[in-house]
Amino acid sequence: MTVADTNQHYDLDPEVFGQFLDPLRKYSSALYATPDESLADAQVNKLRFVAECLRLRGGERLLDIGCGWGALILFMAREYRCETLGVSPAPRQHDYIARRAQELGVADLVRTRVGHFERLDLAPRGMDAVSMLGSIVHMPDLDEVFRRTRAVLRKGGMLYVSESCFRNAAAHAAFDARVGTDFVRNDIFGWGDMRPLSELVAGAERAGFSITAVEDLTDHYRRTIEDWLRNVAAAEERLEAHEPGLTAKLTHYLEVANAGWGYTTKHYALVCRNAR
Ligand SMILES: C[S@@+](CC[C@H](N)C(=O)[O-])C[C@H]1O[C@@H](n2cnc3c(N)ncnc32)[C@H](O)[C@@H]1O
């Protein structure tokens, strides 16, 4: 395994993701305020929830590790006038974000860097807040990630992580080698490891973070993926035009992901403070 392999899924044409994600192209769990809320509204709720967790009031310096197609940094730049930096190893995501930042008039507040967070040199203590939504799963060395994250945060700065996790260490051991897990890890992403929440908490604690909140978002991710699956089915013709067989591949991946919620897998938000 090399960490560069994690690019293969995210370097698909950004228009593929435009076919089944919400208009902001946020590729992580939404937060549904009501039973019939739309995916688009639920993704905006989620971004406001993240802003609350990070205690954003306006103008903060914010690093988003694993920035995808820029949903979070573009939103925080527009709504909170944050000075944002997005990091991701997938070059096509950066071209897309640069174009959107221009269109939205926030190019002065949105910067990105291509690369793996674990290998980038960033100024120490230069950030007020750091977010990681669905990206730590692609990073093999948790201690290195939390150590570097804390190093870029000012004293009192906040870290928000949301991630899919195995329900406990026993589920991790039992399901890690199953065909479905292997398909998602190797055929879709290249590399990924869903740890139990306890490993994320222990990693954050070892790096010196103070844990301030843990929230269970499992049901919200199940609903998010149900919405994505409906969108994939509706976009079949356009997805097949991109790549024959893509509809079936995406459907299989999303169904595998949704099959385990609550039993083998969970989705959590973890909030930490660089207290000292
Ligand atoms: C599931 S996507 C989530 C994207 C975004 N956070 C969102 O919510 O829309 C995971 C992101 O992590 C990025 N990623 C994977 N490995 C990474 C690494 N080592 N350092 C930084 N980003 C990484 C991928 O390129 C992708 O943009």
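Which handedness, left-handed or right-handed, does the crossing of α10 past α12 have? The points below take this up first, for a model that is predicted.

1. **α10 and α12: geometry.** The crossing of α10 past α12 is left-handed. Helix α10 covers residues 218-234 and helix α12 covers residues 246-259. Their axes come within 10 Å of each other. The crossing angle is roughly 165°. Angles over 145 degrees count as roughly antiparallel, so α10 and α12 are roughly antiparallel to each other.

2. **α10 and α12: contact.** On the α10 side, the contact is made by Arg222, Ile225, Glu226, Trp228, Leu229 and Val232. On the α12 side, Thr247, Leu250, Thr251, Leu254, Ala257 and Asn258 take part. By class, this contact holds seven nonpolar, three polar and two charged residues.

3. **α3 and α4: geometry.** Helix α3 spans residues 39-53, and helix α4 spans residues 71-80. They pack with their axes 11 Å apart. The angle is about 70°, which means that α3 is roughly perpendicular to α4.

4. **α3 and α4: contact.** Leu47, Val50 and Ala51 come from α3. Their partners in α4 are Leu72, Phe75, Met76 and Tyr80. The class count for the contact of α3 with α4 is seven nonpolar, no polar and no charged residues.

5. **α6 and α9: geometry.** Helix α6 (residues 142-152) and helix α9 (residues 197-206) have axes that come within 8 Å. The axes cross at roughly 45°, so α6 is oblique to α9. The crossing of α6 past α9 is right-handed.

6. **α6 and α9: contact.** From α6, the residues are Leu142, Asp143 and Phe146. They meet Glu199, Gly203, Ala204 and Arg206 in α9. Here the classes are three nonpolar, one polar and three charged residues.

7. **Ligand shell.** How many residues lie around the ligand, and which come nearest? There are 24 residues around the ligand. Ser28, Gly66, Gly68, Gly134 and Ser135 come nearest. By class, the shell divides into 12 nonpolar, 10 polar and two charged residues.

8. **Whole chain.** The secondary structure comprises 12 helices and seven strands. Along the principal axes, the C-alpha atoms fill a box of roughly 50 × 45 × 40 Å. Why does the radius of gyration agree with a compact globule? A compact globule of 276 residues would have a radius of gyration near 19 Å, and the chain has 18 Å, so the two agree.

Technical notes:
Residues are numbered from 1 along each chain as its sequence is written. This is a predicted model: local features need pLDDT of at least 70, side-chain atom pairs count only at pLDDT 80 or more; totals for chains, interfaces and linings use all residues. Axes are lines fitted to C-alpha atoms, for helices over the stretch in contact, and angles run from 0 to 180 degrees between N-to-C directions. Helices (H or I, at least four residues) and strands (E, at least two) are DSSP runs, numbered from the N terminus. Angles under 35 degrees count as roughly parallel, over 145 as roughly antiparallel, 65 to 115 as roughly perpendicular and the rest as oblique. A crossing is left-handed if the near helix is turned anticlockwise from the far one by less than a right angle, and right-handed if clockwise. Two residues are in contact if their C-beta atoms, placed from the backbone, lie within 7 Å. Ala, Val, Leu, Ile, Met, Phe, Trp, Tyr, Cys and Pro count as nonpolar, Asp, Glu, Lys and Arg as charged, and the others, Gly among them, as polar. A residue is near a molecule or strand if its C-beta atom, placed from the backbone, lies within 6 Å of it. The radius of gyration is taken over C-alpha atoms; the globule rule is 2.2 Å times the number of residues to the power 0.38.
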